[in-house]
Amino acid sequence: MPRSDAQVLVELPAGARHSAVETRDLARSRLDVALPLSQFYISRARATGDLRFLGYAEAILNPWQSRVPLLPEVLVLHATILQSRHAFAPALTELDRALRVQPEDAQAWLTRATVLRVLGRYDEALESCRHLAVSADAAITALCSESLRSLTGHLQSAYATVAALGQQTLPPEARAWRYSELGEMAERLGNDAEAERWLKAGLQLAPEDFYLRAACADLLLRHGRAGETLQLLAGYESVEPMLLRSVIAHKLLRDGSSEQAQARLAAAFELEQLRGDAVHRREQARFFLDVEPQPSAALAAAQENWRVQREPDDILILLRAARAAHQSQAGEPARRFLQQQSLEDARLGAATL
Amino acid sequence: MTRCLRFMALLLLASVAPAHIASNGFLVARVEGSTISGSIELAVRDVELAIGVDANRDGKVTWGELRASEPRLVHYLEQHVYLSAESRSCPLQFQALRVNERVDGTYAWLPFSADCGMDVRQLSIRYSALDDIDPSHRGLLTLTAGSVVQTAVLGGLDGAAIFSLYAPARWGAFVEYLRAGIWHIWSGIDHLLFLLSLLLPAVLLRRGDRWEPVPRPWPAFMGILKVVTAFTLAHSMTLSLAALDIVRLPSRLTESVIAASIIVAALNNIFPLVTNSRARIAFAFGLLHGFGFASVLADMGLPSGARLLSLLAFNLGIETGQLAVVLTVMPVVYALRSTVFYRRALLPWGSAAVASIALVWFVQRALLPSG
């Protein structure tokens, strides 16, 4: 129990105050309030890594979702929320509804390409990128399709093309994206030094980009550079995927200072499983591989993750988990996928095969 | 074009999901008879969003601010957590507000009790906390009834969640009554002695005034089967009638007649009157033994809502115990049937011993003052 009335129980993050209730009420009747407000919440989710904000955004969009005629902006935002929760199939449904109303909605095509890419449906994703050409910038279209080509047997040439794509030709918001694509491609090519440079350049531009930070931490951890990983993640430990990487770094350093964090992660994964969410299965598998070695639990999580998504990191985790559990055949779906797509990834040789 | 790009970085989050646990409330409920006790926990952050706690709007919620909001929080929970037992509402009575530390922050913790005014067999819970603010908020329920613990995720699009407390509890009762039945046949030696008295001669044939061993196992087996079946049928009938309160006999009468039945069955082995249709004796007296079983059941009581099932379980228990005895004793008896010892000593003198024990019981039960 708190010792005094003055004791602070919680500090409220910006955007999570009750005082917004009037604006929220207004958003029920006014689309010009609802759209920016839900966008604000989504950007808060992005900046803080806090899933609650996605819920707030969803609540704002709720009354608008089934409006007739359909509101494509609302549907695309809803799809964005859904895909952030890894509900990919419903996200695609929303995007297709939006595109029926507004066939040249660049944001919808781009989101669609992203979702299909995460699902490993590269041909369809590429098709979505092509639709961008009509309404979006040529550099954006190129980034969209080249990053997909890099996954389907054209890694080297795609890397060269994106690297040659002048940063100035891209709108500012897309520059960090280019760096993250370059970083990933370099990693898959086995050129970790260049990869690190790209990822760090991206972080300079967008320090709040958790995707870039996690990718950078993973690269450092692969080289056993635990101290630098901790530096990179300092101050971001409240976000579970960052915390996971920080705990792995502590494990590498054997400094025994991560027990509390470990318990927090375990509890978070447990709650998520209880809720039936599948958002962090990949992280959970990683936890059972690198933090609390439980190979069969790791394999179960990696397999469940594989049912939901197929990014290069998902291949990596499934193969690693299968090997750790001495069940080589469990990695078969990932190997088959690699072959079908002619996906190249230098990390696979070292880590799994 | 700008809108197109505003979410670019967000799209990439697909692989590293925004972290932080989603919003959860924790609901614990323990059902005991007609009352429910438990607690509700909501993150202080969520309480702020729901009712506004940060009175001085400094972005920090203090214990004092939370405490000052307690009546409004109670009111909010009354509106958003609704318990009912078969359409009878179970109004929540909240106790003093406390806090609980969880991995993702501090939670407001309100213990409660609720009275449903009737035995709770089916509990319905409607949970709608934060549904208009964060549709991804869920209530994680731990529901305990007896020794059975159920968990569930409440909220979202689901309306009320309904929990049957009997489905799992029934199984527990079933096992309990099955065990009671087996135990009763083992400890209730009078039923066994009666049955054995009828079974001992099943491996013999009466020729004139002499006993002869049955030549083959088959007739012996059929004899045993008939006796056991007749006894079972009879006592199952009366057990059910008595347990369901359809027929009632004073226990002193049934207990005395049971003792008498043993005397009759045992004496019949020494001075055989009925030799070919012991099954009829088994049936006739079995009716009374059924009332005897029922008195045990009356002591235990049948759980309301699972009366028939528990009765069946108890009966099955009796048959199981009985069958175990028959299967153990009869092969031995069959093996000994040709020996002089069996026909001249065990059968007559054993039966005489049984008859005298039963006589003592009879005197105790029928003639001595009860108490």
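**Legends to close-up views of a predicted two-chain model**

**Figure 1. Overall make-up of the two chains.** The secondary structure of chain B comprises twelve helices and 14 strands, where helices (H or I, at least four residues) and strands (E, at least two) are DSSP runs numbered from the N terminus. Chain A has 20 helices and one strand. The model is predicted: local features need pLDDT of at least 70, side-chain atom pairs count only at pLDDT 80 or more, and totals for chains, interfaces and linings use all residues. Residues are numbered from 1 along each chain as its sequence is written, while chains are lettered from A and ligands numbered from 1 in the order in which they are written. Buried residues (20 or more other C-beta atoms within 10 Å of the residue's own; exposed, 12 or fewer; partly exposed, in between; C-beta atoms placed from the backbone) make up 43% of the 371 residues in chain B. In chain A, 51% of the 353 residues are buried. Contacts join two residues whose C-beta atoms, placed from the backbone, lie within 7 Å. Of the contacts in chain B with a separation of 6 or more, 73% are between residues 24 or more positions apart; in chain A the corresponding share is 49%.

**Figure 2. Confidence in chain B and in the complex.** The predictor assigns the complex an ipTM of 0.87 and a pTM of 0.70. The pLDDT is below 50 over residues 1-19 of chain B, a stretch that has 61 contacts in the model beyond near neighbours in sequence.

**Figure 3. The contact between chain A and chain B.** Chain B contributes 53 residues to the contact and chain A contributes 67 residues. Elements of chain B that each supply at least two residues to the side touching chain A include H1, helix H3 (44-51), H4 and strand S8 (105-115). That side of chain B has 29 nonpolar, twelve polar and twelve charged residues; Ala, Val, Leu, Ile, Met, Phe, Trp, Tyr, Cys and Pro count as nonpolar, Asp, Glu, Lys and Arg as charged, and the others, Gly among them, as polar.

**Figure 4. Packing of helices H12 and H14 of chain A.** Helix H12 (residues 210-222) of chain A packs against helix H14 (residues 240-253) of chain A at an angle of about 15 degrees, with the axes 10 Å apart. Axes are lines fitted to C-alpha atoms, for helices over the stretch in contact, and angles run from 0 to 180 degrees between N-to-C directions. H12(A) and H14(A) are therefore roughly parallel (under 35 degrees; over 145 is roughly antiparallel, 65 to 115 roughly perpendicular and the rest oblique). Their crossing is left-handed, that is, the near helix is turned anticlockwise from the far one by less than a right angle, clockwise being right-handed. Residues making the contact include Phe210(A), Ala214(A) and Leu221(A) of H12(A) and Met242(A), Arg245(A) and Ile248(A) of H14(A). By class, the contact of H12(A) with H14(A) has eight nonpolar, no polar and three charged residues.

**Figure 5. Packing of helices H11 and H12 of chain A.** Helix H11 (residues 192-205) of chain A and H12(A) pack at an angle of about 150 degrees, their axes lying 9 Å apart. H11(A) is therefore roughly antiparallel to H12(A). The crossing of H11(A) with H12(A) is left-handed. Among the residues that meet are Ala195(A), Leu199(A) and Leu203(A) in H11(A) and Leu212(A), Cys216(A) and Leu219(A) in H12(A). Seven nonpolar, one polar and four charged residues form this contact.

**Figure 6. Surroundings of Arg44(A).** Arg44(A) belongs to helix H2 (residues 31-48) of chain A. Arg44(A) is buried, because 21 other C-beta atoms lie within 10 Å. Leaving aside neighbours within four places in sequence, Arg44(A) is in contact with Gly15(A) and Phe53(A). Arg44(A) and Ala57(A), 13 residues apart in sequence, are 9.7 Å apart in space, C-alpha to C-alpha.

Figure 7. A cis peptide bond, with omega about 0 degrees, joins Val68(A) and Pro69(A); Pro69(A) is in the loop between helix H3 (51-65) and helix H4 (72-84) of chain A. Ser87(B), although not a glycine, has a positive phi of about 65 degrees, and is placed in the loop between strand S4 (81-85) and strand S5 (88-89) of chain B. Ser87(B) counts as exposed, with 7 C-beta neighbours inside 10 Å. Leu130(B), also not a glycine, has a positive phi of about 60 degrees. Leu130(B) lies in the loop between strand S9 (122-127) and S10 of chain B, and counts as buried with 27 C-beta neighbours inside 10 Å.

Definitions and conventions. pLDDT = per-residue confidence, 0-100.
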